[in-house]
Amino acid sequence: MNQIISSSFAARKMGVPYIGVFGACSTSMESLAMASLMVDSGAAQYAMAGTASHNCTVEKQFRYPTEYGSQKPPYAQYTITGAGCSVVSAQGTGPQITYATIGKVMDLGIKDPFNMGTAMAPAAADTISAHMKDTGRTPGYYDLIVTGDLASVGLPIAKELLQKEGIRMEETDFRDCGLMIYDRDKQKYVLAGGSGCGCSAVVTYGHILKRMRRGELKKVLVVATGALLSPLSYQQGESIPCIAHAVALEMGG
């Protein structure tokens, strides 16, 4: 939605301290990592981290307006209309944020704004690899590892890249929010799956947290992925820089 202009407009009426962050579709975990850092350092008692996306706005900026009726290639994704946020505090009964891995910007020369999964997969694999090296953990440590919005095209690429790194993702349940958000058997128009700043936020703060509170999941790694293009960079024929940020969520005790 023209980067973070929507949240900036909302914040001008709220009268509370505000930090606008933008990591494209990785913003949900970027903001969650920053919020947890501020709370852990004592700089804040409570922090709210949230993000949102809107299908028609994103399509109008980066591809063809929905009203234009243009066909999209089968590897394209459907930007979700959704929003999600979390409240972070030093105390509470909810899942704990135990670790965050900030990713590096990666650009493998993809220029097609429809092909988000292929563009973002290397960044997701790199951040997962860095997380495992930093923590000494293996994928089997987690009940679920979920990427942001690689969808049906990008997720297999990420798996292949991680396999080449010797990271055994078969030890855990490795899924993608872009494939979890829609029922693709019934919702054919979503093509390769979902995307957008709200994609990982909706799935994480809704579905995944509910499963954690029910005791179905105890340790989850959310790796939100983002394509850092802008309407201007796309129109000028620039390639697409991408990034991924990982946050580990664990139930206490």
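Trainee: Which residues form a nonpolar patch on the surface?
Mentor: Tyr46, Met48 and Val87 do, with about 400 Å² of accessible area together. A patch here takes residues with over 30% relative accessible area and no salt bridge, and nonpolar side chains are joined within 5 Å. This is a predicted model, where local features need pLDDT of at least 70, side-chain atom pairs count only at pLDDT 80 or more, and totals for chains, interfaces and linings use all residues. Residues are numbered from 1 along each chain as its sequence is written, and side-chain values use heavy atoms, leaving out hydrogens and water.

Trainee: Is valine 87 buried or exposed?
Mentor: Valine 87 counts as exposed because its relative accessibility is 57%; exposed means over 50%, and buried means under 20%. Valine 87 sits in strand S3, residues 82-89.

Trainee: OK, new topic: in the largest nonpolar core, which residues touch the most other members?
Mentor: Ile128, Ile145 and Leu221, out of 29 residues. Such a core joins buried nonpolar residues through side-chain atoms within 4.5 Å.

Trainee: And which element gives the most to this core?
Mentor: H4, with nine residues.

Trainee: What does leucine 221 touch?
Mentor: Its contacts (heavy atoms within 4.5 Å) include His131, Tyr142 and Ala248, not counting residues up to four places away in sequence.

Trainee: What about histidine 245: buried or exposed?
Mentor: Histidine 245 counts as buried, because its relative accessibility is 5%. Histidine 245 belongs to strand S9, and a polar atom of its side chain lies 3.2 Å from the backbone nitrogen of glycine 103.

Definitions and conventions:
Patches are made of residues with over 30% relative accessible area and no salt bridge: like charges are joined within 9 Å, nonpolar side chains (Val, Leu, Ile, Met, Phe, Trp, Tyr) within 5 Å. Accessible areas come from the Shrake-Rupley method with a 1.4 Å probe; for residues, only the protein chains shown count as cover. A salt bridge is a side-chain nitrogen of Lys or Arg within 4 Å of a carboxyl oxygen of Asp or Glu. Helices (H or I, at least four residues) and strands (E, at least two) are DSSP runs, numbered from the N terminus. Buried means under 20% relative accessible area, exposed over 50%, partly exposed in between (1.4 Å probe, protein chains only). A polar contact is a pair of N or O atoms within 3.5 Å; within protein, one must be able to donate a hydrogen and the other to accept it, and residues adjacent in sequence count only if both atoms are side-chain atoms.
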